[in-house]
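Visitor: Hello! Could you walk me through this structure, one step at a time?

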Amino acid sequence: AAFSVLAANVSDKETGAALFEEPYRLFEVPLEGASGNLTGQSVTVGVFGVIDEGFYGSTSPANVSQVEFSDAVDEANETAAQLSAARADVVIALTHSQDPLAFAAELRGVDAVVAGHGHIAIDDAVTAADGREVAVVEAASSPSADFFGSIGLLSIEVERNAKGDFE
């Protein structure tokens, strides 16, 4: 199966070029009403990925000897601004972060953080640098040897504001 690796802050150490083709993706997501039925409307969801610099210490040095990680918060804020300019109604950060709650508190323009590093269950929210409430979630590791024994589901409620934009 073809899939994208979304990593906005990972580059080739020698050339400085982005290591992956796409820092983010935009998806049209149909909206459901309160009863779970489709409303005929959709929102544009922007999804991007970042890896915090702590990753250097959580893997074998050989795995990261040819790559460089720019500041995850700076890159996340810049990418969120790009997604907003691209008309994303909702912005989600996928992170490999040692402290996803602290990471989320420094963000601007991000609606949710889906974390992965601690392999612990997180279902929380923090106030971000721009004052918005940011959902922070992480699915725990599977208690068995089977992959995908624990899969999370993130639901975000959106409403139209007076200008007709979703928030």
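Predicted model: local features only at pLDDT ≥ 70, side-chain atom pairs only at ≥ 80, totals over all residues.

Visitor: In what order do the six strands of the open sheet stand?

Guide: Strands here are DSSP runs of E with at least two residues, helices are runs of H or I with at least four, and both are numbered from the N terminus. Two strands pair if DSSP finds at least two bridges between them. With mixed pairing, the six strands form an open sheet in the order S2-S3-S5-S6-S8-S7.

Visitor: Which strands stand at the edges, and why is one side of each left without a neighbour?

Guide: An edge strand has a single partner strand, so one side of it has no neighbour in the sheet. The strands in that position are S2 and S7.

Visitor: Which residue of S3 is the bridge partner of Val29?

Guide: S2 and S3 pair in the antiparallel sense over eight bridges. They form a hairpin with five residues between them, where Gly36 in the turn has a positive phi of about 90°. The partner of Val29 in S3 is Val43.

Visitor: Is Phe48 buried or exposed?

Guide: Phe48 lies in strand S3. Contact means heavy atoms within 4.5 Å, and, leaving aside neighbours within four places in sequence, the contacts of Phe48 include Leu6, Tyr24, Leu83 and Leu94. Buried means under 20% relative accessible area, exposed over 50%, and partly exposed in between, with a 1.4 Å probe and protein chains only. At 0% relative accessibility, Phe48 is buried.

Visitor: Why is S5 largely enclosed by the rest of the structure, and how many of its residues are buried?

Guide: S5 pairs with S3 in the parallel sense over seven bridges, and with S6, also parallel, over four. S5 is largely enclosed because, of its seven residues, the number buried is five.

Visitor: Which strands does H2 lie across?

Guide: H2 runs at about 150° to S3. The strands that H2 lies across are S2, S3 and S5.

Visitor: Which residue in the hairpin of S7 and S8 takes a positive phi?

Guide: S7 and S8 pair in the antiparallel sense over six bridges, with Thr127 opposite Glu133 in S8. Their hairpin has five residues between the strands, and the one with a positive phi near 90° is Gly131.

Visitor: Where is Ala128 found, and is it buried or exposed?

Guide: Ala128 is found in the loop between S7 and S8. Leaving aside neighbours within four places in sequence, Ala128 is in contact with Ala104, Ala105, Leu107 and Val134. With a relative accessibility of 6%, Ala128 counts as buried.

Visitor: How much space lies in the largest pocket?

Guide: On a 1 Å grid over the protein atoms alone, a pocket is an open set of points where a 1.4 Å probe fits, with protein on both sides within 12 Å along at least five of seven lines; lining residues have an atom within 4 Å of a point. Points are joined across faces, edges and corners, and the volume is the space filled by probe spheres set on them. For the largest pocket this is about 1400 Å³.

Visitor: Which element gives the most to the lining of the second largest pocket?

Guide: The second largest pocket has a volume of about 390 Å³. The elements that give two or more residues to its lining are H2 and S5. With three residues, the element that gives the most is H2.

Note on methods:
Residues numbered from 1 in each chain as written. Heavy atoms only, no water. Axes fitted to C-alpha atoms, helices over the stretch in contact; angles between N-to-C directions.
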